[in-house]
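Reader: Could you take me through one part of this model closely, with the cut-offs spelled out? I would like to hear about the charged side chains and how they pair.

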Amino acid sequence: MYGYHQGDEVIKWTAQLVQEVAGRVAMQVPGEPASGHFLGHIGGDDFIMNADSLCMKALCAAIADEFDKN
């Protein structure tokens with residue numbers, strides 16, 4: 001039913017979602033440049049994110065909320 005191709009598409013979609021949300025949240029935090037985050041794909045369905053502690057909680061909540069909406 002679901003194969004490698006569908007899984008790959010979900011991973012690409014997730015990466016794009018995280019990148020877009022991180023950019024939006026960074027713009028809302030005073031003194032936090034949008035480029036202040038590091039987003040990486042380790043492999044498979046594993047991602048890594050490094051961001052300023054001032055916006056990490058908001059960033060995680062926004063990513064989870066956006067993921068659930070879609």
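Author: Glu66 is partly exposed, with a relative accessible area of 22%, where partly exposed is the range between buried (under 20%) and exposed (over 50%), taken with a 1.4 Å probe and protein chains only. Its side chain meets that of Arg24 in a salt bridge, at 3.6 Å from N to O; the term stands for a side-chain nitrogen of Lys or Arg within 4 Å of a carboxyl oxygen of Asp or Glu. This pair links distant parts of the chain, with Glu66 in helix α2 and Arg24 in helix α1, 42 residues apart. Helices here are DSSP runs of H or I with at least four residues, numbered from the N terminus. Arg24 is partly exposed too, at 41% relative accessibility.

Please keep in mind that this is a predicted model, in which local features need pLDDT of at least 70, side-chain atom pairs count only at pLDDT 80 or more, and totals for chains, interfaces and linings use all residues. Residues are numbered from 1 along each chain as its sequence is written, and side-chain values use heavy atoms, leaving out hydrogens and water.

Salt bridges that share partners also join Asp8, Glu9 and Lys12 into one network. Lys12 meets Asp8 at 3.6 Å, N to O, and Glu9 at 3.8 Å, N to O. Because Asp8 and Lys12 are four residues apart in helix α1 (residues 4–28), about one helical turn separates them. Glu9 and Lys12 lie three residues apart in helix α1, about one turn of the helix. Lys12 is partly exposed at 47% relative accessibility, as is Asp8 at 25%.

Terms used:
Helices (H or I, at least four residues) and strands (E, at least two) are DSSP runs, numbered from the N terminus.
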